[in-house]
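Thanks for making time this morning. I would like to talk through two interfaces, one inside a chain and one between chains.

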2 protein chains.
Amino acid sequence: MNGISMIQLAKELGLSVSTVSKALGDSHEISAATKKRVLELAKKYKYKPNPFASNLRKKKGKQIAVIIPDIVNNFFALAVDGIESVTMSKHYDTFIYLTHENLEREKAVLEHLESGLISGLIISVCNGREGYSHFQEFYEATRLPLVFFDRVPDLLQFPKVITNNYESSLDATSRLIKAGSKRPVLVTTTEPMFTSMERRRGYQDALEKHGIVFTDDMIIHCTDDMELNYAILRKIFSQKKRPDGIFASIEKYAITSYQVCKDLKLAIPKDVKVIGMTNLRTAALLNPSLSTLSQPAFDMGKEAAGLLIKMIEKKSYAAANDIIVLPNELTIRDSI
Amino acid sequence: MNGISMIQLAKELGLSVSTVSKALGDSHEISAATKKRVLELAKKYKYKPNPFASNLRKKKGKQIAVIIPDIVNNFFALAVDGIESVTMSKHYDTFIYLTHENLEREKAVLEHLESGLISGLIISVCNGREGYSHFQEFYEATRLPLVFFDRVPDLLQFPKVITNNYESSLDATSRLIKAGSKRPVLVTTTEPMFTSMERRRGYQDALEKHGIVFTDDMIIHCTDDMELNYAILRKIFSQKKRPDGIFASIEKYAITSYQVCKDLKLAIPKDVKVIGMTNLRTAALLNPSLSTLSQPAFDMGKEAAGLLIKMIEKKSYAAANDIIVLPNELTIRDSI
DNA sequence: GTTTTTTCCTATAACGTTTTCGTAAAAGCA
DNA sequence: TGCTTTTACGAAAACGTTATAGGAAAAAAC
């Protein structure tokens, strides 16, 4: 703000503002000698172009936004890390907005961003599927490039970065069964999301593949309320005919499952085998170490940001309907 | 970008642009009737002021930046969560920059931000103490408000949000000793930071208070290299005269300590008592559950953002040298 | 009924860039 | 030489706001 402006540079150099601007932009219209003079003085005064003036005139800037449900979650933190690694290297600035699974908040952020503050947007949507129209509206209003990752709106035509949720869930469930589980349950969210539906599909197909009859009570719906989740799981695992396997499709549900088993004196993996969908670094240190299906969170962020910037810089229009699928990683530890 | 502008609003209303601007700004110079007309049309067209034009003219905007070493770390993630909760409610936009403990990167970000993109800055500095001059230079160049949190440059006069590292370390160490540890060690970083120095001071004073003679080898210096840390700790705990207590002053060192004890078949807490400085949510699920000294990360973020915005909006000049101290929380579990 | 004040609005100049267009001088070419 | 082309720059308009100064009409004051 307090720095020197192009006008002052021009004055001191005895040049016009437009010449200075072009020289700094390395335009072919400017002679090498002049460019050198300009650059040197600019360096001497540590000249930095005013981004507001520049963005205003060019009608776009090098700022993007990331909208995610939560940052206190290893998956999203890793994704942001991946995004930032790209935006940093490409000299973009990254805004961050947290929705905390609140649809109204998500809409509000989107509406706020219609002001044109940014040149592109990376999103992982919040829980629930009732409405995705605000994304469409945002796009209609701004025509700005949008990239979704992980939690994507399946019905909308936007570029997406996702994982092979179906295949890897099928795989994980199969491993539970092969390890001896006769009745593995799926612990998932009450909120219907594309990702969790895919995981469920993989889970059910694995059961079918191994000749296990699926019944509705094998899907355990948990919530955002950890206390309530504990109660739900405890009740189910206190039954005589309790499950002997858990595929926890959400990070925090694996932890609660562990707690319930510990408190009910159910031995893992003898009584209950567990695989958790999680990126927790402490998975290996739990007792027993937790087998995990982990998402390539950092790479998802990287891919999403790379795609977005490509779209912003129009190096590739083809990207518009790209769907990038990255593989989840299954790590078998002592819990199965 | 594609939205309607003030000029078009003015045209359609048969008013001048300045009238529209003032009406939208709820100026007293404009009659209630006119304000109503303007507001209604603005709403109808979903008018959003162009932030670049506005910021350019006003010479400031509602954007701030957060510079932190890492986001894949519960402490910083929580802090960002706290910051965002404030910036959201105050309608500020939050940029995020990660230094990954790289001083050059930190300097580069700061220099980039000298362009005037933001109106304020929240920082937790990266490892090492050799240079803090870039912060001073940034301030001289921009005169922008700056707030540090947790990892603060002790020698610079800026507002800070920290925790009672000294007192709580003294307390934690005392608990280790009272629990029976005759020779508790401090596992800390090689990088000299204000925070870790304070923790060390608390640790040493606790030893003295309980009549335990301190020797240099009771400070175990770990690095960023997890493998190396493992080797260092393993070597020390393999000795005949091994320590019987650990105060791990950095999150990840507690985990490594657990691993080493597990592999060396040292029972926690019988053979070794452990307290870790960490915000890990899984601390309670480790085997045995880890006693923690945790930082009020979310609140630190909240306080820092609140302070910053107060300074930006000049509601309080007095904030300039504020130091806010929040208490760490000691949670005793099974590891001592 | 004149002066003063208040009310409500407009004109215009910024803010610091980028871009379009114009043009003098230099260079190329026959 | 005279013509065209290229090179290297400048003038000025634009981007969409906000702030300052001013002014006409209405209201208030004397």
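**Two interfaces**

In chain A, the C-alpha centres of domain 2 and domain 3 lie 29 Å apart, with domain bounds taken from an automatic or database domain assignment. The contact between them, meaning heavy atoms within 4.5 Å, takes 13 residues from domain 2 of chain A and twelve residues from domain 3 of chain A.

Before going on, please note that this is a predicted model, in which local features need pLDDT of at least 70 and side-chain atom pairs count only at pLDDT 80 or more, while totals for chains, interfaces and linings use all residues. Residues are numbered from 1 along each chain as its sequence is written, chains are lettered from A and ligands numbered from 1 in the order in which they are written, and side-chain values use heavy atoms, with hydrogens and water left out.

Domain 2 and domain 3 of chain A bury about 1200 Å² between them, 52% of it from carbon and sulfur atoms; buried area is the accessible area (1.4 Å probe) that two parts lose on being put together, summed over both. Between these domains there are zero salt bridges, a salt bridge being a side-chain nitrogen of Lys or Arg within 4 Å of a carboxyl oxygen of Asp or Glu.

Turning to the chains, 51 residues of chain B are in contact with 51 residues of chain A, and about 5200 Å² is buried between the two chains, with 61% on carbon and sulfur atoms. Chain B and chain A are joined by four salt bridges, and B:K48 forms one with A:E114, where the closest N and O atoms are 3.6 Å apart.
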